[in-house]
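I opened the model to look up its cross-links, ring pairs and charged contacts. My notes follow in the order I made them.

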Amino acid sequence: MEFSYLQASIALIALAAIADETYFGQAACESDCIKEFLAAHNAARETVGAPPVKWNSTLADFAESYATKRSADCAAQHSQGPYGENIAMASDELSPADSVKLWMDEKPNYDHASNSCTSGECHHYTQVVWRDTASIGCARATCKTGWMFVTCNYYPPGNYVGERPY
């Protein structure tokens, strides 16, 4: 059976649509990405004397699933999942180190003496350095909007009212 020009065009459009969905749905964090997320988190944690974290594939799978979901709209919404979570978005590529830096940039807003945010958001920072957190899993996805969505999940989670992060 011979394909007509119209049939071939429809097939190419269908393949392009599938490829487009696949591209925007990719969120897995490979070896270098994992190393960079771990290095950035552990460097930040070292500054406050918190023990290093390890990579957790269950957390990474959760993060990947959520990043893939958010790739459709890049909405700044938390997953409401069972883990601690930080999210970030940017109009350009956001490396693992840049993502953690965004969260660590909240450090000046945290007052350890009063255990509170004093001049803005600080809970992303406190989640990164939460002493009891032992493992993380993260993912990044390029959104259909062209922005990048990043999520990291933490276990055990942090940011409990009345408890100090370190």
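I began with rings: those of Phe, Tyr and Trp (its six-membered ring) pair if their centres lie within 6.5 Å, with planes under 30 degrees apart counted as stacked, over 60 as edge-to-face and the rest as tilted. By that rule I get 6 aromatic pairs from a search of the whole structure.

Before going on, I note that this is a predicted model, in which local features need pLDDT of at least 70, side-chain atom pairs count only at pLDDT 80 or more, and totals for chains, interfaces and linings use all residues. Residues are numbered from 1 along each chain as its sequence is written, and side-chain values use heavy atoms, with hydrogens and water left out.

**Aromatic pairs**

I looked up Tyr110 and Tyr125, which form a tilted pair, 6.0 Å centre to centre with 50° between the planes. Tyr110 is in strand β3 (residues 110-111) and Tyr125 in helix α5, 15 residues apart; helices (H or I, at least four residues) and strands (E, at least two) are DSSP runs, numbered from the N terminus. Both Tyr110 and Tyr125 are buried, where buried means under 20% relative accessible area, exposed over 50% and partly exposed in between (1.4 Å probe, protein chains only).

Next I took Trp130 and Tyr160, an edge-to-face pair at 6.2 Å centre to centre and 70° between the planes. This pair links distant parts of the chain, with Trp130 in the loop between α5 and β5 and Tyr160 in the segment after β6, 30 residues apart. Trp130 is buried at 3% relative accessibility, whereas Tyr160 is partly exposed at 42%. I also found Phe62, Tyr83 and Tyr155 linked by ring pairs into a cluster.

**Disulfides**

I count a disulfide when two cysteine sulfur atoms lie within 2.5 Å, and the structure holds 4. Counting bonded cysteines along the chain, I read the pattern as 1-2, 3-7, 4-5, 6-8.

- Cys29 and Cys33 have their sulfur atoms 1.9 Å apart. The S-S torsion is about -95°, so this disulfide is left-handed. Both Cys29 and Cys33 are buried.
- Cys74 is joined to Cys143, S to S 2.2 Å, and the link is right-handed with 65° about the S-S bond. Cys74 sits in the loop between α3 (57-70) and β2, and Cys143 in the loop between β5 and β6, 69 residues apart. Cys143 is buried at 0% relative accessible area.
- Cys117 and Cys122 have sulfur atoms 1.9 Å apart, and their link is left-handed at -80°. Cys117 is partly exposed at 28%, while Cys122 is buried at 1%.

**Helix α2**

Helix α2 (residues 31-46) has 16 residues. Which of its residues are buried? I list Cys33, Phe37, Leu38, Ala40, His41, Asn42, Ala44 and Arg45. The elements covering them include β1 (54-55), α4, α5 (123-128), β5 and β6 (148-155).

**Salt bridges**

With a salt bridge taken as a side-chain nitrogen of Lys or Arg within 4 Å of a carboxyl oxygen of Asp or Glu, I find 3 in the whole structure.

- Arg70 meets Asp73 at 2.8 Å, N to O. Arg70 is buried at 6%, and Asp73 is partly exposed at 36%.
- Glu93 pairs with Arg140, the closest N and O atoms being 3.5 Å apart. Glu93 lies in the loop between β2 (84-90) and α4 (96-104) and Arg140 in strand β5 (residues 135-142), so the pair ties together parts 47 residues apart in sequence. Glu93 is exposed at 54%.
- Lys101 meets Asp105 at 3.2 Å, N to O.

Methods. The expected span of a helix is 1.5 Å times one less than its number of residues. Contact means heavy atoms within 4.5 Å.
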